[in-house]
Amino acid sequence: MSLEFSVSRRGALAIAGAGLLSACVKGSAKKLVIGDQRGGVQALLAASGELKTVPYAIEWAQFPNAAPLIEALAAGAIDTGVGGDAPFIFSLQGNAGVKAIAAFRTKGNPTTVMVPGTSAIHSFDDLLGKRVATPRGSIGHYLLLAGLKRAGKPLDAIHITFLSPSDGRAALTSGSVDAWAIWDPYAAIGELSDGLRILDLDRSLTPGLGFVFGTETSLATKRPLLTDLSARFARARKWGETHREEYAQMLTQQTGVPIAATRRYLNRSVNVPVPIDAGLIAEEQGIADLFHQAGLLAKPVLVAPHFEQI
């Protein structure tokens, strides 16, 4: 299995520049290898101060998006990481031992459909028969499928073109497609840099779920570390809501996204830690069922066995 990611190794710790371990960890081989995306877990934990008191070693592995991160989890190359609900579902086809161990829900407008500012498209119904770009199997893809299902339309009533976020943006601004199903920060950048307009869509179409992941192996050997990390991540999420400017500055440093775009998307969505319960699992099952109905999954996926609240 080919894994495309780079691992940052700076001494034994590599925790946002911190160079010291606590005395108890210096004599221990315990550490977490955490998969991350630029501007993700590490940025938030560092900005909130949660990395200053971590009593175990951390090694960071950087990925371009969630799909290869979950692939690395399945291969045993990393212990944990954070990603969205749609990529998680695709990983379950192979039953590779990846588990969602903590959850958070994004409330607001992080995933949407964008059109040029002068477009005649103003509602979801206006997308019927149009060309819409989005990454295959992404939450943007799910947004389109969920809208079609709710409207009682065939799942091919929108001509979906599968493109990466950067290629989708280029296709929309060049006129190759009519719309672009995407999420922040790409949406905020598109608004401010390209004059794109966000459609007013029903926000209940997507559950907005994200997860902290573990594996059967890391849960068996490093559960206390995973429990501690999940708690720190939850606290950091709450910190981010009351320290948005500090968080925005850190994110801009990490990602290179202009500060105006960073501020815009941080101020229109909220990430809230939520329990893994029957209702949440049912929501995730609904995503899996719709992807299977659309022919994106080779076989039905039962998601419940792949959750384990810690």
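Tutor: A charge sits over a ring if NZ of Lys or CZ of Arg is within 6 Å of the ring centre and within 35 degrees of the ring normal. Here, the charged end of Arg237 sits over the ring of Phe104, 4.3 Å from its centre. This is a predicted model, where local features need pLDDT of at least 70, side-chain atom pairs count only at pLDDT 80 or more, and totals for chains, interfaces and linings use all residues. Residues are numbered from 1 along each chain as its sequence is written, and side-chain values use heavy atoms, with hydrogens and water left out.

Student: OK. How many aromatic pairs does the structure hold?
Tutor: Ten. Rings of Phe, Tyr and Trp (its six-membered ring) pair if their centres lie within 6.5 Å; planes under 30 degrees apart count as stacked, over 60 as edge-to-face and the rest as tilted. One of the pairs is Phe88 with Phe213, which is tilted, at 5.1 Å centre to centre and 35 degrees between the planes.

Student: Where in the chain are Phe88 and Phe213?
Tutor: Phe88 is in helix 4 and Phe213 in strand 11, 125 residues apart. Helices (H or I, at least four residues) and strands (E, at least two) are DSSP runs, numbered from the N terminus.

Student: Is Phe88 buried or exposed?
Tutor: Buried, with a relative accessible area of 0%. Buried means under 20% relative accessible area, exposed over 50%, partly exposed in between (1.4 Å probe, protein chains only). Phe213 is buried too, also with 0%.

Student: Which residues do ring pairs link into a cluster?
Tutor: Phe88, Phe211, Phe213 and Phe307.

Student: How many bridges join strand 6 to strand 10?
Tutor: Three, and the two strands run antiparallel. Met114 stands opposite Ile198 in strand 10.

Student: And Gly168, where is that found?
Tutor: In helix 6. Gly168 has 0% relative accessibility, so it counts as buried.

Student: What is Gly168 in contact with, leaving aside neighbours within four places in sequence?
Tutor: Ala133, Leu163 and Trp180. Contact means heavy atoms within 4.5 Å.

Technical notes. Pairing = 2+ DSSP bridges.
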